[in-house]
Amino acid sequence: MAAAFSCSVSFPIRYSGNGSRYRGRLDIQVFASSSSRLHMLNGVAGAGKGSSSLATATELTEEQIRQRIPTKKQLVDPYRQGLIIERGVGYRQTVVVRSYEVGPYKTATLESLLNLFQETALNHVWMSGLLSNGFGATHGMVRNNLIWVVSRMHVQVDHYPIWGEVLEIDTWVGASGKNGMRRDWLIRSQATGITYARATSTWVMMNDKTRRLSKMPEEVRAEISPWFIEKQAIKEDVPEKIVKLDDNAKYVNSDLKPRRSDLDMNQHVNNVKYVRWMLETIPDKFLESHQLSGIVLEYRRECGSSDRVQSLCQPDEDEILTHGVDQSLLKNMVLTSGIVEGNGYLGSLDTETYGYTHLLQTKGETRNEEIIRGRTRWRKKFSTMLPYST
């Protein structure tokens, strides 16, 4: 049985009649079920002299009533604490790090940061007035049966936000070749102004029916190109190429199966879930003593609920020296001399990093297919204290 519901919606309006202007309020009482389209009777309650009543019939879906997707560009979103910046084309959202977004050390997890990237990107499209009935898809994309898919992402993390901290997340878009779009992000602390993380990504379009990549239609280009900015959060002169691992990888987890909760609105496994599978293949002992400082992801194909997934991981061997300097010896010299930066933070001296190469692939009867290649960089955990602006 379909669930019934009702709600009241009120909008301020202005109207004129008989040569006079009036201000009033539009009160809408909605009665509907979850399986029906809404038939609404609009009543106008006048607030001034000469007020009159008006009754018109219109139809909206329950989803449209509940979502309230803007049809025109918005400058401020009080519900999401968002606003348009960068001369009217960028987006900034203020968020608070919640308890379910942090790990055992009360710092935000990488998955939480990736989810914030995704949410602010969607909210940016929401504010633009271009959002249609899709996962960030514009009206032109929906007319052409197109959806966005990410092809590459690069994230750098200098510091991890802590539980309860207020963050400002900036995001903007730019062109990437003839048929792609680049989206970048910056995360900073509202209290200190310190930039914690930055990311850049490349997106392409896929036909929702054929599941094949598509060129960008001119009507879609006309929609999104006015929002493009020539600005980069991470400058990549030569993007890092990631080698493909084989069955001789040091660490392998072949017991991965997508759950229904892993699927997004496009009916494939959300890209954030891939990162969890990749990181869980790294030994716990290493994860307990190291912190991720960077990740590069190259997406090859989508993954569905019926796929069997294998995660392979290979550490960089004998990575003792960084930039030609023995970092362990250098840190011992600094600590012995008593030279330590404020709050116990070693700053630029903490440059020793460790690397892993990753591969997620589907397991088939005759052959395996790549889902995603990855590279992660790690640094040792020395202190949870963060430097403050001077």
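I took two strands as paired if DSSP finds at least two bridges between them, with strands (E, at least two residues) and helices (H or I, at least four) being DSSP runs numbered from the N terminus.

I noted at the outset that this is a predicted model, in which local features need pLDDT of at least 70 and side-chain atom pairs count only at pLDDT 80 or more, while totals for chains, interfaces and linings use all residues. Residues are numbered from 1 along each chain as its sequence is written, and side-chain values use heavy atoms, with hydrogens and water left out.

**Entry 1, strand β8.** I looked up Arg152 and found that it stands opposite Thr202 in β11. Strands β8 and β11 (residues 195-207) pair in the antiparallel sense, and I recorded eleven bridges between them. I then turned to β14 (residues 290-299), which runs antiparallel to β8 and is joined to it by five bridges; there Gly294 is the bridge partner of Gln156. For burial I used relative accessible area, calling a residue buried under 20%, exposed over 50% and partly exposed in between (1.4 Å probe, protein chains only). Ten of the twelve residues of β8 (residues 146-157) are buried, so the strand is largely enclosed by the rest of the structure.

I counted rings of Phe, Tyr and Trp (its six-membered ring) as a pair if their centres lie within 6.5 Å, with planes under 30 degrees apart taken as stacked, over 60 as edge-to-face and the rest as tilted. The structure holds six such pairs. One of them joins Tyr274 and Trp277, a tilted pair at 6.1 Å centre to centre with 45° between the planes. These two residues are three apart in helix α5 (residues 271-279), and so about one helical turn separates them. Tyr274 is buried at 3% relative accessibility, and Trp277 is buried as well, at 8%. I also looked up Phe286 and Tyr354, whose rings form an edge-to-face pair at 6.3 Å centre to centre and 80° between the planes. Phe286 lies in helix α6 (residues 284-289) and Tyr354 in strand β18 (residues 354-362), so this pair ties together parts that are 68 residues apart in sequence.

I called a charge over a ring if NZ of Lys or CZ of Arg is within 6 Å of the ring centre and within 35 degrees of the ring normal. The charged end of Arg80 sits over the ring of Trp126, 4.1 Å from its centre, and Lys231 lies over the face of Trp172 at 4.3 Å from the ring centre.

I placed Thr281 in the loop between α5 and α6, where it is buried with a relative accessible area of 9%. Its C-alpha atom is separated by 9.6 Å from that of Gln314, 33 residues away along the chain.

Most residues other than glycine have a negative phi. I therefore looked up Arg87, which has a positive phi of about 55° and counts as exposed, because its relative accessibility is 76%. Arg87 belongs to the loop between β6 (82-85) and β7 (90-96). Arg211, with phi near 60°, is in the loop between β11 and β12 (213-214), and I noted it as partly exposed at 28% relative accessible area.
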